[in-house]
Amino acid sequence: MAPQPEAAGAVAAPGRGKPHAVVVVYPLQGHVIPVTHLALRLAASGFAVTFVSTEAVHDQTARALGVDDPAGYDVFAAARARAAASSPGGGPEELDVAYELVSDGLPVGFDRSLHHDQFMGSLLHAMPEHVERLLRRVVADDRPAATFLVADTFFVWPATLARKLGIPYVSFWTEPALIFNLYYHMDLLTQNGHFRCNGPY
């Protein structure tokens with residue numbers, strides 16, 4: 001069983017005094033990997049990072065890796081150990097990444113691929129409340145260090161949440177630039193018959 005919402009952060013709280021990035025990953029595999037790399041780069045650059053994933057993604061990842069106890073698995077443990085081993089003093093705080101889980105609003109065993117609309121609805125309506133609860137905890141614990149929110153652009157609610165809590169927000173695009181360009185010019189693609197056209201492809 002995966003950790004309970006907002007309870008998986010067995011790792012020590014991020015270091016005080018450092019700029020603190022709360023990084024929220026969109027729970028689809030193609031989005032998880034770029035956000036994980038971003039979190040590691042921020043930590044390697046001296047930021048304290050709180051990486052926020054969903055219980056379902058955590059459970060799926062742990063099982064795919066053959067982890068016997070998904071509840072106790074920390075995806076950043078190996079990266080932290082490597083950083084500590086390669087640091088001049090061998091100090092354990094070279095990579096300051098806390099790992100937190102939230103619910104996406106659905107049970108871990110729920111088949112999200114077979115119920116796509118329900119899953120998307122849950123990401124839109126249920127997940128923000130769980131992220132807000134976690135943010136209120138880590139922002140309150142982190143003052144006076146500067147905290148900011150980094151979230152996948154595919155979420156539609158982080159800007160509103162960041163404004164509500166009075167913290168800066170960074171939207172992180174996880175897909176290739178070509179895909180961004182296609183989305184941006186969807187109106188032109190439609191006008192020129194390249195999208196939503198009835199002719200042969």
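Residue A151 stands opposite S171 in strand β5. The two strands concerned, β4 (residues 147-152) and β5 (residues 169-172), pair in the parallel sense over four bridges; pairing requires that DSSP find at least two bridges between the strands. Helices (H or I, at least four residues) and strands (E, at least two) are DSSP runs numbered from the N terminus. Together with helix α6 (residues 158-165), β4 and β5 make a right-handed β-α-β unit, the crossover being right-handed if, with the strands pointing away from the viewer, the path from the first strand over the helix to the second runs clockwise.

The model is predicted, with local features requiring pLDDT of at least 70 and side-chain atom pairs counted only at pLDDT 80 or more, whereas totals for chains, interfaces and linings use all residues. Residues are numbered from 1 along each chain as its sequence is written, and side-chain values use heavy atoms, with hydrogens and water left out.

Leaving aside neighbours within four places in sequence, V24 is in contact (heavy atoms within 4.5 Å) with V52, M127, V131, L149, V150, A151, D152, F155 and W157.

In helix α2 (residues 55-64), the buried residues are E55, A56, V57, H58, D59 and A62; buried denotes under 20% relative accessible area, exposed over 50%, and partly exposed in between (1.4 Å probe, protein chains only). These buried residues pack against α1 (29-44), β2 (48-54) and β3 (97-102). Just after α2, G66 takes a positive phi of about 75 degrees.

Residue R112 lies in the loop between β3 and α4 (116-125) and is buried, with a relative accessible area of 12%. Its side chain is joined to that of D104 by a polar contact of 2.8 Å, and the R112 side chain also reaches the backbone oxygen of P107 at 3.0 Å. A polar contact is a pair of N or O atoms within 3.5 Å; within protein, one must be able to donate a hydrogen and the other to accept it, and residues adjacent in sequence count only if both atoms are side-chain atoms. Not counting residues up to four places away in sequence, R112 touches A56, D104, L106, P107 and F119.
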